[in-house]
Amino acid sequence: MNAPAWTDLRDEAKVAGRPVWGWLEERLDMPQRTLLDALGQFFQMPTFSMDSLNALRPDFSRLAFDEAVKRHCLLAQDDEAKTWLVLSDPWDEAGPAYAAY
């Protein structure tokens, strides 16, 4: 049997009423970092370790805290002043769409 596609797993999580990340961890039974790296490759997006996330500086002047929480995304800068849009759920189109606005 073939492994389920990422989108199939996302849909399963939605039907189950579970957060996608937890559902993926449970269904795929792989270490968090391995799963994160695989998702990054699938979405062609960089991924951040917890240490690198903690090193970012949130930019609430461009995306207010309450909106960032509501949209499950964050604008933040790294040490080189590069701005990143950090997503908690790369399938959720609302975060990137709002941040682009």
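1. First, the ground rules. This is a predicted model, in which local features need pLDDT of at least 70, side-chain atom pairs count only at pLDDT 80 or more, and totals for chains, interfaces and linings use all residues. Residues are numbered from 1 along each chain as its sequence is written, and side-chain values use heavy atoms, with hydrogens and water left out.

2. The overall layout: the protein has 6 helices and 3 strands. Helices here are DSSP runs (H or I) of at least four residues and strands are runs (E) of at least two, numbered from the N terminus. Reading from the N terminus, the order is α-α-α-α-β-α-β-β-α. Of the 101 residues, 24% count as buried, meaning under 20% relative accessible area with a 1.4 Å probe, protein chains only.

3. Have a look at helix H2, residues 20-28. Its buried residues are Val-20, Trp-23 and Leu-24. Seen down the axis of H2, they fall within an arc of 100°, so they line one face of the helix; the arc is taken from the directions from the helix axis to the C-beta atoms. Helix H1 (6-16) and helix H3 (32-43) are among what covers these residues, with contact meaning heavy atoms within 4.5 Å. Just after H2, Asp-29 has a positive phi of about 50°.

4. Now the sheet. The 3 strands make an open sheet in the order E1-E2-E3, with antiparallel pairing. Strand E1 (57-58) and strand E3 (83-87) stand at the edges with a single partner strand each, so one side of each has no neighbour in the sheet. E1 is joined to strand E2 (residues 73-77) by 2 bridges; two strands pair if DSSP finds at least two bridges between them. Arg-57 has Gln-77 in E2 as its bridge partner.

5. Then there's the largest pocket, with about 890 Å³ of space. A pocket is an open set of points on a 1 Å grid over the protein atoms alone, where a 1.4 Å probe fits, with protein on both sides within 12 Å along at least five of seven lines; lining residues have an atom within 4 Å of a point. The volume is the space filled by probe spheres set on the points.

6. Who lines that pocket? There are 29 lining residues, and Trp-21, Leu-36, Val-86, Leu-87 and Ser-88 lie nearest its centre. H3 gives the most, with 6 residues. By class, the lining has 20 nonpolar, 6 polar and 3 charged residues.

Note on methods: Buried means under 20% relative accessible area, exposed over 50%, partly exposed in between (1.4 Å probe, protein chains only). Ala, Val, Leu, Ile, Met, Phe, Trp, Tyr, Cys and Pro count as nonpolar, Asp, Glu, Lys and Arg as charged, and the others, Gly among them, as polar.
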